[in-house]
Amino acid sequence: MDVLLQQVVNGLMLGGVYVMVAVAFTLVIGMLNFLNFTIPALFMVAAVMMWAAMAGGFGADIDAVLDDVLGAPNKWIAGVIIALVVVSLASLVIERFTYRYMKAKYGDATEHALPLVSSLGFLIAFEHLVIGRWGSDPLTIDSPFGNASFHLGAVQFSIPQVISLALSLAIVFGLSLMLRKTRLGRAVRSIAERPDTATLMGVDVGRIVPVVYVIAGLLCAIAGILFTINYTTVDAYIGDKVATVAIAGMVLGGLGNVWGAIVGGLFVGLLEVLSIHFFGASIVKVPIWGMLLLILVMRPTGLFGHTAIGKGKF
Amino acid sequence: MDVVLRVSRLDKSFGGLKVVDNVSFDVTRGSRTALIGPNGAGKTTVFNLMTGVYPIDHGAIELDGRDITRIPARDRVAAGVSRSFQNIRLMPHLSTLENVMLGQHAQARSIRAQLFPLGFARINKWAEQAREALAKARLEEYPGQVVADLPYGIQKRIEVVRALMAKPKLLLLDEPAAGLNHQETGELQKLLREVSERGVTLLVVEHDMHFVRTLCERVVVLNFGRKIFEGTPAEVNADPAVREAYLGSNQSMGEAGHAA
Amino acid sequence: MSGELEGLLVILCLNTIYAYGVFLPAASGQLNLGAAGFITLGAYCSAFVNSELDGLGVSAWMSIPIAVLFTAAVSFLIAFPILRTRGVYMVLATFAFAEVVAGLIINLEFLGAAQGMPVDAHMPFYGLAIVTLLVALFCHYLMATRCGLAMRAIHDDESVATLFGANVRMIRVWAFATGGALMGLGGALYGHHFNYVEAQNFNILLSIYILLYVLLGGTQTAWGPVVGALFFTFVPELFRYLGRETGEKWLEDGRFVAFGLIIVIMMVIRPEGVVTRTLLERITGGRRRQPASPAAAE
């Protein structure tokens, strides 16, 4: 029982990572009806930046500077800053080359795939940038926080993981609040609902869309940073392996539904950890993707029945 | 009277809003009939019900004595009703000839016809037939061009040719003259007269009353989904209910009055 | 022929077959991001049926057609539920299908689980080339038929295609299933050429690449997949070659980065793919237009 409980806790912790990525996916899909495959890439870039800052991956010179300025135990701070800056800039570049294809010219069936193709191009480019610099083998760090943990009954809680989960939930709740309360949030929602009307009403679509890309990018970046700290091993394909699972969570919650993505992200985390516990690590793909397939076929609106592709019921 | 289309007591609601309300009318074989009415009167919906885009709530549609009310959309064209669209709905990535040959689809449903390599054999009966139809419509100079690049007026006429390729008993034209300039309208009208002379029955939704009066011999007027008038174009302006319908709406007799 | 060039041409052949498998549904407006799943099915089916030691010991002459039929049957069956989805949902559903197949295979002991499986019979390069040619011819033929015309019409506007009598659902199912069968064929040939199959080699990146071959090559004509596969097979090699010849190592290392960026740029300059109808018309136009109307030289 205690073992199971421990697994549930581990699953929720992992789910915290998925939640952020799932929300990033859902934000872009809800607003622009665009499955953004650069999200796994941005997740990976942030995770690897974090690793590089902490493990001297930027080369001896920069490492020495970081040592001097921050001191060896605090190099993770540099990692966070670098990851956030790099991902924000990358998001802006990506926006330039994907958003412009959102307007249908003929309304045929493959037209909406154009931004998807560009985003896959970026995914390939980013992965190979990282491979070119650091190779495709696993990259590991020592956790900056050691094995700090506390016990509740027989269940062990890793302190960084608890903080990560709390942080990701806080960020996502904050985001949801922002979408509802602020002017920016209202502009985002109006674009999601009626892009043409939003333009008429004076919303500057050309300025809001990049902001959404950056927000989505930052969500992935934070997820990537937390992933590196908590799981200590990353590689160039970590985005394909981890961030795509978040897609399953997003679909479970309903495309474009932020609250759904939170529940879905936590659920796939649980599902993954529990399947590994009961059936072994090699089978883990089957329940997750099988569930996704079933949901898509049986109930494409997700569990909560609020699909909002391009309609943004955030 | 030889009736080719009989619409009886047609009803259709969308989410509680009655869009077509108890509409009945007959169309005689070989005639040219106009279906007019203010915006939102339900004219295009009637077309969509006839071609099976939506299922109907109540009523019946008989084509040449056969009840087509329940047959699926893809079989209606084989039953003898084909149409053009309010906004041009040609396939943008197909050539003119291919668009026209798509109109033959219902004529070529056997496995052999389906697997016949139209694209390899340039000379074949299907392509010949399509070229001939294009020539008759004076569109022979554009067979290979992708239609997305052609002028609007040409595209409108290609749509008519495509619909004709299905060898329809009844041809439905949804605002064929909308957006055309004077010369293009003339060309279209000439084409439609020729089509009519070949024995195809025309049912036309149109706002341009001048076009209706010169082309059609019979007019059915809808307002708010109901039929309010049926008669000749000459009578239509005199009818108080029709005047009311157009004056009552924001159209201020723009179309109807202009024709008077 | 040098070994290196032959190796490259083998990859080109396989890529072309895979690309046609994704192209057929794409030509009728369906995006299949699950190529790896169908390839896995074909590869393992043929390997198992052919294997003396672990399988049925049937000759490769039979095992490859069996693999094709098997993949076709699976694709046909899953086509019905998958084709209920569209757009983004279909991309996700096919992607999920491929992941489920991969997840199942690596847990099946009789298929060698994660270690993969040796394949007995060898398919030499010329055999591969012949089959590739036949596949290309078949797809060109299919796109030239009335059925192909209906597929392209459905791609552009499915409701109008329905109104002109096309059975949209059946055409889509057949396009999807035939495409699945072609990818199964590709997978079987892969196994018989390299004499080893391993599920990890057929991963999400493979599915992504194949979808990209098709969309970059262009979905409007049957030339698209060939051009896409050629481009994707040779451009990275070109970079590698240039890097080696000039001694600029970054060209070799960065070839896939450049490649990803080329994809992005291609979407800017040719969003409908390299080969479009208009392009073909421009190449062959004069010749073709002549008999119809000599006056239309414009």
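Reply: A residue is buried if 20 or more other C-beta atoms lie within 10 Å of its own, exposed if 12 or fewer, and partly exposed in between, with C-beta atoms placed from the backbone. The model is predicted, so local features need pLDDT of at least 70, side-chain atom pairs count only at pLDDT 80 or more, and totals for chains, interfaces and linings use all residues. Residues are numbered from 1 along each chain as its sequence is written, and chains are lettered from A and ligands numbered from 1 in the order in which they are written.

Me: Why is Glu175(B) called buried?

Reply: Glu175(B) has 20 C-beta neighbours inside 10 Å. The definition asks for 20 or more, so Glu175(B) counts as buried. Glu175(B) lies in the loop between β7 (170-174) and α7 (182-197) of chain B; helices (H or I, at least four residues) and strands (E, at least two) are DSSP runs, numbered from the N terminus.

Me: Why is Phe224(B) called partly exposed?

Reply: Phe224(B) has 17 C-beta neighbours inside 10 Å.

Me: What makes chain B as compact as a globular protein of its length?

Reply: Chain B has eleven helices and ten strands. Its radius of gyration is 19 Å, close to the 18 Å that the globule rule gives for 260 residues, so chain B is as compact as a globular protein of that length. The radius is taken over C-alpha atoms, and the rule is 2.2 Å times the number of residues to the power 0.38. Buried residues make up 48% of the 260 residues in chain B.

Me: How does chain C stand against the globule rule?

Reply: Chain C has 13 helices and two strands. For 298 residues the globule rule gives 19 Å, and the radius of gyration of chain C is close to this at 20 Å, so chain C is as compact as a globular protein of that length. Buried residues make up 57% of the 298 residues in chain C. Of the contacts in chain C with a separation of 6 or more, 77% are between residues 24 or more positions apart.

Me: Why is Thr162(C) called buried, and what does Thr162(C) touch?

Reply: Thr162(C) has 22 other C-beta atoms within 10 Å, and the definition asks for 20 or more, so Thr162(C) is buried. Thr162(C) lies in helix α7 (residues 158-163) of chain C. Residues up to four places away in sequence aside, Thr162(C) touches Ala73(B), Arg74(B) and Val168(C).

Me: What makes α2(A) roughly parallel to α5(A)?

Reply: The axes of helix α2 (residues 38-55) of chain A and helix α5 (residues 114-134) of chain A come within 8 Å and cross at roughly 20 degrees. Angles under 35 degrees count as roughly parallel, over 145 as roughly antiparallel, 65 to 115 as roughly perpendicular and the rest as oblique, so α2(A) is roughly parallel to α5(A). Axes are lines fitted to C-alpha atoms, for helices over the stretch in contact, and angles run from 0 to 180 degrees between N-to-C directions.

Me: Which residues does α5(A) give to the side of chain A that touches chain C, and how many?

Reply: In total, 38 residues of chain A are in contact with 40 residues of chain C. The largest share of the side of chain A that touches chain C, eleven residues, comes from α5(A).

Notes: Contact = placed C-beta atoms within 7 Å.
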